Amino acid sequence: MAITDKGNSRDVCVAAITAPPTITDMARESRDGIGIIDFLERRNFLVTGATGFLAKVLIEKILRVAPNVGKIFLLIKAKDEQAAMDRVKNEIIECELFKCLKQKYGEEYTNFMLSKLVPVKGDIRESNMGIADDFLHQITQEVDVILNSAANTILDERYDASLVANTIAPSRLLSFAKKCKKPSLFLHLSTTYVNGERPGILMEKAFEMGESRIDSSTQSKLDVHYEINLASDLVETLPPNEMPQKLKEIGLARARTYGWQNTYQMTKAMGEMMINAERGGIPVVIIRPSVIESTFQDPFPGWIQGYRVLDPLILSYGKGRLPGFLVNPSTVMDVVPADLVVNTIIAAMAKHGIAASPGIDVYHAASSTVNPMTMGDIFKYSRDHFAASPLTDNKGDEIQITDMEYFGSIDSFSSYIEKDISEKSGLSKELGPNSKPKQHSRLEARCKRMAESLIHLAKLYEPYMFYRARFDSGKTQKLMEQMSTEERNQFPMDLRSTNWEDYFANAHIPGLRRHVIKKASLS
């Protein structure tokens, strides 16, 4: 599935991707496969986090390959129903990602979309998702599959906010699923990094309640409800002016106490625990993607919404602002394109939705065991791209970059980046007789802010830049084996055949330039 065409045709819509049969060890193929299209057609879905990056890619794929799908209810945070409809029109229907559907349906495009997409004003953090009674009855009677893609992904978020979005909300959504008349599946999107900082190969295994990431013999057992009550009590007792920072610090401290690297990882893991403990007879699937980046091929290469995990590093490097970083270049960075994650979601959803058997199944959408790529590789691909096609500065001059320098400690990186910023800005030059002290002071303050920002970024990313674990994807590989040849072509998810250099050079970084840098400059 390597991308080789470097011309304008790269941006054409892909109706179906023909992937070469590179898996020689696949089991005997079933003529009918899983039955993905049959499952999607006429099924009704409830999707949370519907205006998010991955949810949009999922919605687009379902509507394109299964136009006879039933209703897709979209839970939208808005002040009223009209505002929810406006968000769907502006953020989904008018989104460039859906241009293949727009081309297919022409003047009937908006009518088609509104015949399938049903905006529902609500909030996953509230009881019954904050859904009005009339919609509540309709959804509980009609929905077959509930898909939770809502999350708070800020790594160092306030503990209370992260708990509400990532731990409590999934539990409330599961309670809502139990009220539905015919739920065939509850699908929850998580992250491979719920596995914490343990080295080795980390398996596709569901969390049990209270399970931490450290040796339980040396630490008291994790109590999820205690953590929720702790955060709630802190909100009540902390002085308002201290509360935001204190809650961030406490969240990070609690995460590290139990073997997670940040608040996001821990609260997502506790969300999985709540789901497993409370699922009852509801069939549950948990999909754990690793670092999700732009689309590989489908519906076209390089589509992305906002900055993803690697993008601040790549773009800061390309702009000449980050010539070095706190990172081990040999660290394996587990990356997966968004469209391959979506195909894994759809295949798992169909397999377990058809069976509709009580139980919980976990799948990793990850590359580190099947097609590993290092941070050194990523910066090399980025350098090659920007050397051939440089970014420009405010004056229109091309920005020249050098090979990335690597640092093993925060102190060495901090000293380096402070000196680099000082020299490039001219701050390091001695004050002359014609110097303006006020102008120099403003420049000094600006340089300090820039250095502090990059040092904060380095501290935030440090756990990932020295990460020692890899993620097993054996169950995902077995899922592929159960797909027919036609299904594997239409829903490719085999990361073993991904050419990473080609992906970064010809899909991801050009996508960043088009969809992130360009939009930022226009706004």
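**Close-up views of a predicted protein model**

**View 1. The loop that holds A356.** A356 sits in the loop between helix 12 (338–355) and strand 11 (359–365). Here, helices are DSSP runs of H or I with at least four residues, strands are runs of E with at least two, and both are numbered from the N terminus. Residues are numbered from 1 along each chain as its sequence is written, and side-chain values use heavy atoms, with hydrogens and water left out. Although A356 is not a glycine, its phi is positive, at about 50°. With a relative accessible area of 36%, A356 is partly exposed; buried means under 20% relative accessible area, exposed over 50%, and partly exposed in between (1.4 Å probe, protein chains only).

**View 2. R42, another residue with a positive phi.** The loop between helix 1 (36–40) and strand 1 (45–48) contains R42. Phi of R42 is near 70°, a positive value in a residue other than glycine. R42 counts as exposed because its relative accessibility is 61%. As background, most residues other than glycine have a negative phi, and most peptide bonds are trans.

**View 3. The cis peptide bond between D298 and P299.** Omega is about 5° for the bond that joins D298 and P299. P299 belongs to the loop between strand 8 (291–293) and helix 11 (311–318).

**View 4. M333 and the largest nonpolar core.** A nonpolar core is a set of buried Ala, Val, Leu, Ile, Met, Phe, Trp, Tyr and Cys residues joined through side-chain atoms within 4.5 Å. The largest one has 119 residues, and those with the most contacts inside it are L40, L74, M113, F325, M333 and M349. Leaving aside residues up to four places away in sequence, M333 touches Y193, V291, L310, M373, T374, M375, I378, Y464 and M465; a contact means heavy atoms within 4.5 Å. A second, separate core of 28 residues includes F73, F135, A177 and I286. In soluble globular proteins, nonpolar side chains tend to be buried together.

**View 5. E481 and S484, around helix 16.** E481 lies in helix 16, which covers residues 474–481. Its relative accessible area of 23% makes E481 partly exposed. From E481 to I455, 26 residues apart along the chain, the C-alpha atoms are separated by 45 Å. S484 is in the loop between helix 16 and helix 17 (485–490), and at 7% relative accessibility S484 counts as buried. S484 and E107 are 377 residues apart in sequence, and their C-alpha atoms are 35 Å apart in space.

**View 6. Stepping back to the whole protein.** The protein has 18 helices and 13 strands, and 55% of its 523 residues count as buried. Its C-alpha atoms fill a box of roughly 80 × 60 × 50 Å along the principal axes. The radius of gyration is 24 Å, which agrees with the value near 24 Å for a compact globule of 523 residues; this radius is taken over C-alpha atoms, and the globule rule is 2.2 Å times the number of residues to the power 0.38. Among contacts with a separation of 6 or more, 84% come from residues 24 or more positions apart.
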